[in-house]
Structures are given as structure tokens and as C-alpha cells.
Amino acid sequence: MQELDEKALLEYLTAKGAYSPKKIGASNEFTFLANRTGRPQAWKLNHQGEMESFATMPDRVLEVYHSPTGKKSIIASDFEGNEKQQFYITNDKGETVEELVISQDHFHEFGGWSPDEKKIAFASNRRHPGYFDIFVCDVETKTEQTIYETNTNCTAICWTKDGTGLIISLKVSNIDNQLHILDIASGKTRPIGNVDVPARYHSVQLQNDGAIGYLVSDEGRNTMAIASFSLNSPEEIQYLLEDEQWDIEEINLSPDETKLAYSLNQGGSSQLAVYYLKDEYEKTLESIPSGVYQSINWLNEDALLTGVTSSVIPGDIWKVEVSADQSDRLTHITPDSDIAKRWVEPELYQFTSFDGLKVPYFLYGKKHTNQPVMIYVHGGPESQIRNEYNPVIQFLASQGYAVAAPNVRGSMGYGREYVQLDDVRKRMDSVADLNHLVKDLTENHQADKDRVSIMGRSYGGFMVLAAITHYPKLWAAAVDIVGISHFRTFLENTGPWRRRLREQEYGSLENDLDFFEEIAPLNHTDKIEVPLLIFHGRNDTRVPVSEAEQLTSDLEKQNKDVELIIFDDEGHQTEKLENHILMNTKIVEFVNHYLK
């Protein structure tokens, strides 16, 4: 391992990325988000192909939503990372920004522009902290009206083409949802699909005549597939295209309504393809670089626009000509540099866990025997480590570490059966996966068994704490970022809108307190033998900062090696560059110190 190169670390952390492209009306122009100034803002390209600002905001921009003609746009922004989106309206040039939907103490989720561009729909928990109702706002008068109340987490997806209804989503669990067609005038709803079958429904697309819709779902299946439905009789969906192994993630209907562009999640990397509806065949597009694709747009009948990120691409916007299968990189956010030349692509492996389950993982920076190892655990838990740029992983690999990033049981991307393997009282099976990952790394990759460290964020932080309390002999150092130290206190103190959904995954305060006490890292701190570094945001609305404070206090009373750093101006995510620099400098210095 090398001594910490702070200048190099800064270059890794400040690698800029562009993502979330959004086409503006019928033009070939588009906006996108980029962290060029240190926090995400909205940008567009001028006629010379150069970046120019689009409606700069004082805090981070979470998303941009253009009206159908592109003459108006909604800017979603929050305050100090608290994730409470507020909506601002601007014109097609982003020249003037006005407040539109503002209630600083509440969350807002955008639900689409009306076809006539006079209104927007949104969801908010204004009536009750744990309930999200549907509202409509007149963008001229800025008057708001509640049109649908429900004692659950409800969001609007889009308007029907005649403007009389909305397609809304009701969360059933942390992964499952139901779709319904809401008639605005009467308040009556009709379900899309079979509501008696637990399922996911995403990426809704409607034909212009308002008669047929398309979506992706796993209703009655293990993996997500493309299906169609009729708005006159939406209860039955018809599958059009499916893959038995991998999830289809996102679809977008072409302007002439003859094709569906879609992305397929193949073990953490995306495949981009087009499905021809009339002829019922698909065309895979190979010219785009390997990585993860999101926000697929049709620029015209033969050109797609999408954001691309990979282990060696922090994020750029690409255009793909479908018929010729030719791709062009439209943005160059991070120029080629000496640092960029050091970025490494991972190898994809799998190990066999305690019960014979095959568990996949990415391995970065494997060079020689007796290497020190960092295990990087994702959050969620229904998330997935993917082939995306991660500055800390890349920097650790450059410093001589092998970095293993597993998708333990409970991860998304491998079908419904896999994602449910860690539910409720099967929670510790995923922690046991980490134990067997260490065995695989030491036995099959000759990693140094005395120099294995672990880090994770959010639920990944819980995995770190569970690993060092239940398998204390495995680790040389540990890093917990906004992690959960006790599911009971987490559920008691997290936002009410999240509690019911999280209880579907973790277990409930009513039925599973005994299990929470049994597995809680906070109850097993006496077993911790490794130095622990903890980070948390004061404004975290997902995992309260009390989770870090109670753990640190307990360890300090035992004179254990622990350090807690709280960012007063951050929430669940770390957004500000200066905090990124401080956190990741501390992490690298920490593991260098204990693994040398």
C-alpha cells in the first residue's frame, strides 16, 4: 500500500458525472443533471455542444420535469440533503425560477404534467407524516387541491391522455406496489393488474389515443418483464417480452408508437435494446459502452438518448442511432486524465454460501497474493452493486487493496425469489454470506486473512455492524456510514411514512421485538474487537442520527476504539464536496493505518 495521496484522492472524489437526461418537448434539446460545481444542478448543451446552466438552484437539484411542449419545467430541489423536495417552475430557457409547491416540512413527489400543461400532480404527506395523498396544482394560479386521500404511501405516476385521470401507485411493501387508474372527478379507482398477487409495476407508458398502456412487472413471475394492458379493462396484463434470468428495468415508447426501447439488467450491467411491437422481435444495441443505462428517451423515431455510467465512466449522456447501431457521446464531463487512466474495471465472480446459494460479487484491483481487502456492502437492502463508478472503490484499488463488492441474498436484480431470501427472520443469513465471502477471498484469491476490512452505507452500515458483532474475528477495521444499530430504535424513530414499508422487510415492532433484540449490534458491542469509524448526517430522515450516537456512546463507555463524525449540513446522502473530501480522506487514512 502507498501513503495517502490527498491530491489524487481529491481527483477521484471530484470526478464529474452527467445523468438523468430529459428531452425538452418536440425539439432535439435536453437537460441533464451534473455535479460539475460540487453538487447536482441542471444543465443543457448549447448549439456548440458546450454545457450551460439551466435554472441554477441554491441547493442540489434532484430532478427536472419538462411539460409536454417543453415550454415550462419543474425543478425539484431540497434543503441540506433532507430529501424534502420542493417544486419550482421555470420557462423553457430556465431563465426565471419561481416557487410553485412549497411546504418545507413535508415531502413532495412529482406526478406528471396534465396534457394541457395547466396543472401538475404530486404526492405529499401534509395531512399525516405517514400518509401520502395526491394533490393537483394549477401552475398559473398556484392553487392546490387534494384529489385523493389514502392512509398509505401513494404516488402519482402520470396523467391519462384525456386529462381526466391519473395512474397512481400504492406501496404494499418496500418492493411491491399496486397501480390504479384514478378518476379525478369521482375519486374512484380501477386496478391495473391483479391486486391479489404481490408484484412490482414500473415504467408506465401510454399510447396517445389513451387506449393501451405498457409497463414492466413481475406479476406471477420471478423476473420483471414487459407487459401491455387496456385502459378499458386494465385488470389483466399481457406479457410481451420476458427474460427468465434477468430483470427488464425501464421502457420508453417511441414517438410513432411502433417500438419500445428497454434496458435489461444482466448481473449488474445494462443491455440496451428495442422491441418492435408489430413484428414482435427485439434488436440489441451493442455500440454503446458497457455500463448502467438510465433515463431512456427517444430523441426522434430512430435515436435514443440515455445516461451511461460504468466503473470507468463517472457519467455521460449518449445518443444511439437505432437502425445503424451507432453511438455518440454527447457530454464530456470528466476529461481524460492520469487519474482516469488508473480506473479499473472489476471482474465478476460468485461464491457458494453456507446453504449452497451462489452469491455474485465484483472484485476490483486484484493484483497479487496476500493483498489487503476491503469488502464494500451496498444499502437498501433491496439494492444492488452495479457496474458504476465508485470513487472510493477506485481509490482503494489504486492504493493496493482488492475491493470485493457483493450482492448478498436480498439484493435486487436477480429475481423476486432472491430478493426475499433475507426477509424478517432470515436477516442474518445475508450476514452469513459475508462470512463465506471472506472464506472465498482468502481461499480462492489468496487475500491476506489478517487484513480484511469492511464498510457500508445505510443498510450496508447495519451489515457492517452485524458482521463485526457476529463474526468478530474476521475483520481488521470497519466503517459504518449512516447505519442502523438497532432495528427497534430505527423503526421507532424513522419517518412514519417509511415505518410500515420497512416493517414488511425487517419485521414489525408488534411481532418481532424479540428478534430485533437478538440480532441488534447495539446489544452485542462487547464482541466488537476491531476499530470502528462512523459517519452520519444530522438531517437524516431515513436513518436517524441517534442510531450512530447510541452506538458510539456504548462503545466509548467500554473504551473501545471508535470515532463518530456527524455532518450538521447533510442528510442520508453526503452531497457537499467538502464533506466528501473529509469523509473519504478519513476512511482511507483509517484503513491504511490498521491494515498496514
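Guide: Let us begin with accessibility: a residue is buried under 20% relative accessible area, exposed over 50%, and partly exposed in between. Please keep in mind that this is a predicted model.

Visitor: Why is R126 called partly exposed?

Guide: R126 has a relative accessibility of 25%. That value lies between the limits of 20% and 50%, so R126 counts as partly exposed.

Visitor: What makes the pair of E144 and R126 a salt bridge?

Guide: The closest N and O atoms of E144 and R126 are 2.5 Å apart. The cut-off is 4 Å, and the pair therefore qualifies as a salt bridge. E144 belongs to strand β12 (residues 144–148) and R126 to strand β10 (residues 119–128), so this pair links distant parts of the chain, 18 residues apart. E144 is also partly exposed, at 33%.

Visitor: Why is the pair of D256 and K259 counted as a salt bridge?

Guide: The closest N and O atoms of D256 and K259 are 3.7 Å apart, and the criterion asks for a distance within 4 Å. The two partners fall into separate classes of accessibility: D256 is partly exposed at 35%, whereas K259 is buried at 7%.

Visitor: How many salt bridges are found in the whole structure, and which residues do shared partners join into one network?

Guide: The search of the whole structure finds 30 salt bridges. Salt bridges with shared partners join D176, R200, D218 and R416 into one network.

Visitor: What makes strand β26 largely enclosed by the rest of the structure?

Guide: Strand β26 covers residues 303–310, and eight of its eight residues are buried, so the strand is largely enclosed. Both of its faces are covered: A303, L305, G307 and T309 are buried on one side, and L304, T306, V308 and S310 on the other.

Visitor: How do you know that β26 pairs with β25 and with β27?

Guide: Pairing requires at least two bridges between two strands. Six bridges join β25 (residues 292–300) to β26, and seven bridges join β26 to β27 (residues 313–321), so both pairs meet the criterion. β25 and β26 run antiparallel, and β26 and β27 also pair in the antiparallel sense. Among the partners, Q294 is bridged to G307 in β26, and S310 stands opposite I313 in β27. A hairpin through two residues joins β25 to β26, and a hairpin through two residues joins β26 to β27.

Visitor: Why is the link between T489 and Q550 called a polar contact?

Guide: The side chains of T489 and Q550 are joined at 3.0 Å, and the limit for such a contact is 3.5 Å. The side chain of T489 also reaches the backbone oxygen of H486 at 3.0 Å. T489 is found in helix α6 (residues 487–493) and counts as buried, because its relative accessibility is 8%.

Visitor: Why is A467 called buried?

Guide: A467 has a relative accessible area of 0%, and the limit for burial is 20%, so A467 is buried. A467 is found in helix α5. Not counting residues up to four places away in sequence, A467 touches V431, L434, I454, P472 and W475.

Methods. Residues numbered from 1 in each chain as written. Predicted model: local features only at pLDDT ≥ 70, side-chain atom pairs only at ≥ 80, totals over all residues. Heavy atoms only, no water. Salt bridge = Lys/Arg side-chain N within 4 Å of Asp/Glu carboxyl O. Helix = DSSP H or I, 4+ residues; strand = E, 2+ residues; numbered from the N terminus. Buried < 20%, exposed > 50% of the residue type's maximum accessible area, 1.4 Å probe, protein only. Polar contact = N/O pair within 3.5 Å; in protein donor to acceptor, adjacent residues only side chain to side chain. Contact = heavy atoms within 4.5 Å.
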